[in-house]
Protein chains: 2
Amino acid sequence: MKRKITLKQIAKELDVSISTVSKALSGSKEISEDTTQKIQAFAKLYNYRPNNIALSLKNRKTKTIGIIIPEIVHHFFSTVIRGIELVANKRGYNVIVGLSNESFTKEIINMEMLAGGSIDGFILSISKETLLKQDYHHFNATINQGMPIVLFDRVVNEVDCDKVIVDDFKGASKAVKKLLSTGCKNIGLITTMDYVSVGRLRTQGYLEALQEAEMNADPNLILKIDDSINVEGHLDILENEIERFFKSNKKIDGVFAVNELYAVTAMKVARKLGFKIPDDIQVIGFTDGVLSKHATPSLTTVSQHGQKIGEQSADLLIDRLELDNEENDMYFEENEYEEHFKTIVIETELIERDSTK
Amino acid sequence: MKRKITLKQIAKELDVSISTVSKALSGSKEISEDTTQKIQAFAKLYNYRPNNIALSLKNRKTKTIGIIIPEIVHHFFSTVIRGIELVANKRGYNVIVGLSNESFTKEIINMEMLAGGSIDGFILSISKETLLKQDYHHFNATINQGMPIVLFDRVVNEVDCDKVIVDDFKGASKAVKKLLSTGCKNIGLITTMDYVSVGRLRTQGYLEALQEAEMNADPNLILKIDDSINVEGHLDILENEIERFFKSNKKIDGVFAVNELYAVTAMKVARKLGFKIPDDIQVIGFTDGVLSKHATPSLTTVSQHGQKIGEQSADLLIDRLELDNEENDMYFEENEYEEHFKTIVIETELIERDSTK
DNA sequence: ATTAACAACGAAAACGTTTTCGTGTTGACA
DNA sequence: TGTCAACACGAAAACGTTTTCGTTGTTAAT
């Protein structure tokens, strides 16, 4: 159980100075062929690896990026992480994750933990509680401390930074238009409360599609689920709400749901009530997760390309990190006018399966 | 865009020494009431936070643990991470994740990246390729460097460390016994190739249950899927294999599958072939993921309690980390005889749903 | 022979902490 | 008045690097 070997130990063992060892290992021309050989051989023998922490301290950058997401047991967020990890690793970065668990406080605690020098920048998606409180001071505070943030999916205008979002509006609209084009006359919407931006946008997309088809949106055909209580645990509540929804709107022949779970639950309830899918009722969901693919019938859905969102977020963040470096090398005093943040929109894609005609 | 404030800056600003500032902030009795107040006020005003990196370097511990898993877009692994993160955070640790993507090389690269001082210990589950190659030198190497490892789920005897596993054998046996007790006479098994330890153990559990019921295992009733090719992408291949399996074994009245995907696919194929579930064929899966819960019919399954696995792993690792600390304080020269690694077995639970009688 | 150039190496600072060990200034006490 | 704690604070080392700037000793040029 020996400690990891350091430059100092190599130096002592070979009776040279620390600087010589360091230079020899980096292949500096300053050191003679002989000593370089000797030192490199010794280092390889003892499997020397420079200490990341020391390097981080010296270089004032850690080469790791912090991710904070509301929930990891969630297909969409997992794919985003996968995307982030992919490009982060490719570009020499590590990834450290914190889970806010949809809690405002835990989001802050996690950010403070990481902001203390552990990472170079954040990639995050805002927790529901934070969205509800509309308190974004912790984001702006960290940005002001010089730590860049990239927001994805659940973003908000109040914080000024790079963002990667999905065209929720257009995606929803596309889905509803698909239902209309296959003959649906009474399309129900199952959505969340408005404070989650993506839910709101998808609702607007639904309304827009109807409007364009010159159909009036019937308020009765819109079911807003209160997901402030954890739905996963109260599946029966969800089912009951949807059942009541169907029963009080007998004419429904199409359903657009703003997420996978609502969609498959709607299918389940519909089948229970004796409807045939897609013959009597067609269903489209949002988020192409594992449920959509394996549901019966398989679910037509709007794919968000989570992995691509992650990749873009990571590229955006790392670009900015490495740009900041160069800027520090030159001597700009005030380049704030140059701070021009991007918002990248990832196109959605309608994946047609068996729940639609 | 100002840098984070440091002790040195506070010291200069308040015209005291760095040591004084440090002591004042930690509330040392050495410093007078007056200066302490002044310094603390100033620090709070400028939102001073000690630099984690500097602390890590000084204390030679990072208070972060590294997770390496084969795949993050996987319900089971996500729940494990959630468990790890939960207790890690509670005990003041951070979590940094690497994905091996089932690749031997990426596993090694990831470990080397993190072993360079970034973390205090590993929690990991072995990639399929590594299991296939049976090359575990990188694990033993890191352990010999003094960095503890906790293995979970996919473990292996060749590496000597703490482990957290599921009673795959017993879980499978329980499942099959359930099928037997509800009248199944010809139980099919859908499993993976043997090199994945968990698949092998579950297969053995299946065999044991049959044996105990004094039934002969029919080799034709065992379908081994080669999952070295990514199955997710080749869903049709899986379906075809299972369809052939059913067709060449008409008498099958029960199926035990070693994972969720195989189980729901089996249900889908069975239904396509005109069987009623659970009347004609009963199905039980392994891993209580999102698929099992929402399949139609909902799937009876063996729950592995991924979150608990994560929690236990984290506790095990952190216990060892903090134990190592104390030991370093005393002066034991040789305490290797004391190295007694634990293996914690998490009990599985049979969750009965609608795919069984 | 003197100087300039060069090759090969070492000393030291810096990154931001904590902690040990001084050191100088009080006040009390004999 | 002299001695000794107690008090309040500072200097410096250490963690492991990289890098700048010397400092030698040798060789080539004048």
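This is a predicted model: local features need pLDDT of at least 70, side-chain atom pairs count only at pLDDT 80 or more; totals for chains, interfaces and linings use all residues.
A residue is termed buried if 20 or more other C-beta atoms lie within 10 Å of its own C-beta atom.

Figure 1. By the burial criterion, 46% of the 357 residues of chain A are buried. The secondary structure of this chain consists of 14 helices and twelve strands. The C-alpha trace of chain A spans about 90 × 45 × 35 Å along its principal axes. Of the chain A contacts between residues at least 6 apart in sequence, 73% connect residues at least 24 apart.

**Figure 2. The open six-stranded sheet of chain B.** The strand order is β7-β6-β8-β9-β10-β12, with mixed pairing. Strands β7 (222–225) and β12 (349–351) of chain B form the edges, each pairing on one side only. Neighbouring strands of this sheet are turned by 20° against each other on average, direction ignored.

**Figure 3. Pairing of β10 with β12 in chain B.** Strand β10 (residues 300–303) pairs with β12(B) in the antiparallel sense over three bridges. Within β12(B), B:L350 is the bridge partner of B:V302.

**Figure 4. Helices α10 and α12 of chain B against the sheet.** Helix α10 (residues 197–212) packs on the sheet and touches β6 (187–192), β8 (254–257) and β9 (282–286) of chain B. The direction of α10 makes about 165° with that of β6(B). Helix α12 (residues 260–272) also packs on the sheet, touching β6, β7, β8, β9 and β10 of chain B. The direction of α12 makes about 160° with that of β9(B).

Note on methods
Residues are numbered from 1 along each chain as its sequence is written. Chains are lettered from A and ligands numbered from 1 in the order in which they are written. Helices (H or I, at least four residues) and strands (E, at least two) are DSSP runs, numbered from the N terminus. A residue is buried if 20 or more other C-beta atoms lie within 10 Å of its own, exposed if 12 or fewer, and partly exposed in between; C-beta atoms are placed from the backbone. Two residues are in contact if their C-beta atoms, placed from the backbone, lie within 7 Å. Two strands pair if DSSP finds at least two bridges between them. Axes are lines fitted to C-alpha atoms, for helices over the stretch in contact, and angles run from 0 to 180 degrees between N-to-C directions.
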